[in-house]
Amino acid sequence: MHAGIIFFLVILGSVLFHIFTPWYWTDVASNWGGMDDTITLTFWVGGGVFIAVCLFMIYCVFKFSYKENRKAEYKPEDKKLEKILTVATTLGVAALLAPGLIIWNQYVSVPKNALHIDVMAWQWGWQYRLPGNDGKLGTTSVRNIDDNNPFGINLDDPYGSDDILVMSDKINLKNNRPVKILLRSVDVLHNWYVPQFRAKMDAVPGTVTYYWFEPNKVGEYEVLCAEYCGVGHYAMRGMVEVQEENKYEEWVNEQETFASYVAKQKNIELQEKKLAKK
Amino acid sequence: MSEEFNDNKTIQAQSSEVMTGGAAGATPDMDYVRPAEIPEQDLYHAHSFITKWVFCQDAKVIGVQYFLLATFTGIVGLILSWLMRLQLGFPGLAGFMTAEHYYQFVTMHGMIMVVYFLTALFLGGFGNYLIPLMVGARDMVFPYVNMISFWMFFIAVAVLMASFFVPGGPTGAGWTLYPPQTILEGTPGSGMGILLMLISLSLFVIGFTMGGLNYMITVLQARTRGMTLMRMPLTVWGIFTATVLAMLAFPALLVSAIMMTLDKVLGTSFFMPTILKAGEVLEYGGGSPILFQHLFWFFGHPEVYIVALPAFGIVSDLISVHARKNIFGYRMMVWAIVGIGALSFFVWAHHMYVSGMNPWFGFFFATTTLIIAVPTAMKVYNWILTLWRGNIRINTVMLWCLGFIVTFVNGGITGIFLGNVSVDVPLSDTYFVIAHFHMVMGIAPLMVIMGAVYHWFPLVAGRMLDETLGKWHFWITFLGAYSIYFPMHYLGFIGVPRRYFEMYDSPYMTSAVGMNEFISLAAFIVGAAQFILIFNIIKTLKTGKAAGQNPWKANSLEWYTSTVPPEHGNFGDRLPVVHRWPYDFSVPGAKDDFIPQTTPPSEVVHTEVEKT
């Protein structure tokens, strides 16, 4: 069989695979549909270039395969053609870059009404903290973390005591309300990633990183760690549930504040001491 | 035939313009080449077996040594990839496979393939063998240092392999070795394994610097008479530029390896912030994990081009020779290589869009990254325009080149996805990335390596590799590798994260089970197919057809040595004198379809017919 035919079938197969693939992205469940659109645009432009280059190559393989009595053309350069190709490529690349940068600008500009969520990661698990009635999260330090203070909240920070602690790998979100995910890690790199939300960012020990999104589909989604964090990386999962406002408020009201947690812990300690005395 | 082809003066002007920008006309004056300015180098002539074949100072032998040792590590890397695919396609089938082992295999596979296989093979292997021959030198300028370079590489590989046998096994930190996990418990091999890795990398960099100085200075200082920079084969341009990149990039790797060693051994905190581990605060504080990532990728991104540029250069030469046509746009090709090399130092943080660095960097690095697509695209256009109106031999070498074009364009396009900052956000750390970089810097350079092996084996061994076996080798490898990595992109779209030992039963990941099985089967077949080449080489060494001088009718100097295979000193009594670029194929008016670089204008044999 002629080599050109096989190459042609490879290209044809790629196109058909792309059209009929059952494997494609999950339905987007956040405001980042623009990322999907940019991917689609890049697919059209890039895929078009890929197909054009390969078909041109295959044509040459058919048309100009070796003949004893034929001589190749002698043409070292063609300045005009090279110029046209350079300009066309530059324009194509700029057309892809522009939407990418526009969306990135949105990605790094967090809306003012975003709900802040402290996502704390360790080997290998997650827990979450929401601001209380004052609307602000208390500051934290790794050195403060112990049984009575699982989030390491600075005790002299007045914003901290009403913070809502979610000591579970599952967090609930309010539908159509932007959230700013504030990531921190107590040990190594992690990454709080929900494929349906599209967005992600590493959690880096020693600093707080962030990103934001606005969930817009009620439902439960799996959280995956997307930055290699040691041998338990693949098992570091969590859950998100996006709820309508009333259900979400119900859920929030069931959660414990830092102050009540501390009180509870002290109570337990007292009782333990009593038990020990008895 | 058109009229202009009948005019000899036009012909000479065309080719000489490109080569020298000099005068036109086929007068004997044009045969003049400036005399040599320095005397020829004295070579050390080895007599014993050990100085000839073991501690050898001949760049050709050193090149073959590099090639063989790199191939050995490559086979280790290949076996590791089989084990990984076994786990991913058929979890639980191999009873011994724990998560620890899996991550160790992933790490060692990555590091081996990028550094100890591809880099060593392209620069140490092809660089050593081809640079002196192609520029018309008798050897590298510092043969003794060159020998030490190989043996440093040997020790580096020995240390790396030793890490498989130390307590705790090799490091399983991922090839990027991101701290803090790299040196903390919870990552496999965080004791001896990582230390040996860091030592091995340091040794590699030291040895590589010795080789790299040789490649650079030989190209700059030891070219033969008439071999101007703009008459060098693109292979030499590619390897030369890659070496310059390596000289600038590897120090970043070296210092980060040293700093990490200090963090591990002495408890410094270059990369270590305050860390809580198993309820205890460790004695680290104030360091920055992101600093390591900057250093690593300042090395790591140019590293991609350290592998890619030699491949670009070599494939240009192979396409030109086997299409019997000059490489289209030679000057553009040279400047594209140099430009890509320079730009590659300004794009590193595109590996770090979601690393937690200041997100405003994203604008800068997305722009620089997409700019680099322009000279890269120009190279692709020039390769296919070289095929246009050529006289293409569809032999094994050309098949590998065509396979390279398909896989490289495919991988290059997916690079535009990942380079375009906000598109990278959903795709980073997924299988899309795995598919992209294997296609663009795994399979594509491998296609070039294989093409180069089939092309230059007749020079190295004096015999022609079997074409039928070669074609089987190509088709199984190309079709197999393409069906591994093309569908893998779509796993990334689903959102399947990389470096997962097991997928479990996430609803959208269960659909990937069938594809994972298919990919694994393809990987086993492609890996096994590589042994066809080894069989072919053994068979050819015994019974292969003698190659004779210049079997491909190429123009560059390596085919014009005094003997085939070339001896120590390469060129016999007299060094060749160069009169033209290496791409004078199918020159109108010339009798043969190739004019060697050593042929002066007055000696070109013209066709009689065309003068009528």
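What percentage of contacts in chain A between residues at least 6 apart in sequence join residues at least 24 apart? The share is 70%. Keep that value in mind as we walk through this structure, which is a predicted model.

## Chain A at a glance

Let us start with the overall outline. Chain A contains five helices and 11 strands. Its C-alpha trace spans about 105 × 40 × 35 Å along the principal axes. The radius of gyration of chain A is 28 Å, whereas a compact globule of 278 residues would have one near 19 Å. Of the 278 residues in chain A, 39% are buried.

## Two domains

Chain A is split into domain 1 (3-64 + 77-108) and domain 2 (115-272). Between the C-alpha centres of these two domains of chain A there are 39 Å. Where they touch, domain 1 of chain A supplies nine residues and domain 2 of chain A supplies 14 residues. On the domain 1 side of this contact in chain A, five residues are nonpolar, three are polar and one is charged.

## An open sheet

Next comes a sheet in chain A. Six strands make up this open sheet, in the order 8-5-1-2-3-11, and their pairing is mixed.

## A closer look at strand 1

With strand 2 (residues 125-130) of chain A, strand 1 (residues 115-122) of chain A pairs in the antiparallel sense over five bridges. A hairpin of two residues links strand 1 of chain A to strand 2 of chain A. Within this pairing, A:G125 of strand 2 is the bridge partner of A:W122, and A:Q127 of strand 2 stands opposite A:M120.

With strand 5 (residues 179-185) of chain A, strand 1 of chain A pairs in the parallel sense, over seven bridges. Here A:L115 has A:V179 of strand 5 as its bridge partner. Is strand 1 of chain A mostly covered or mostly uncovered? Strand 1 of chain A is mostly covered, with six of its eight residues buried.

## The nonpolar core

The largest nonpolar core has 286 residues, and those that touch the most other members are A:M57, A:V119, B:V315, B:I384, B:C401 and B:I405. The element that gives the most to this core is helix 4 (residues 99-135) of chain B, with 24 residues. From chain A, the core draws at least three residues from each of domain 1 (3-64 + 77-108) and domain 2 (115-272).

Which residues does A:V119 touch, not counting residues up to four places away in sequence? They are A:W126, A:Y128, A:I181, A:L182, A:L183, A:W192 and A:A203.

## Where chain A meets chain B

Finally, the two chains come together in a contact that takes 80 residues from chain A and 94 residues from chain B. On the chain B side, helix 10 (residues 361-387) of chain B gives the most, with 13 residues. Sorted by class, the side of chain B that touches chain A has 61 nonpolar, 22 polar and 11 charged residues.

Definitions and conventions:
Residues numbered from 1 in each chain as written. Chains lettered and ligands numbered in written order. Predicted model: local features only at pLDDT ≥ 70, side-chain atom pairs only at ≥ 80, totals over all residues. Pairing = 2+ DSSP bridges. Helix = DSSP H or I, 4+ residues; strand = E, 2+ residues; numbered from the N terminus. Contact = placed C-beta atoms within 7 Å. Nonpolar A, V, L, I, M, F, W, Y, C, P; charged D, E, K, R; others polar. Core = buried A, V, L, I, M, F, W, Y, C linked by C-beta atoms within 7 Å. Buried ≥ 20, exposed ≤ 12 C-beta atoms within 10 Å, placed from the backbone. Domains from an automatic or database assignment. Rg over C-alpha atoms; globule rule 2.2 N^0.38 Å.
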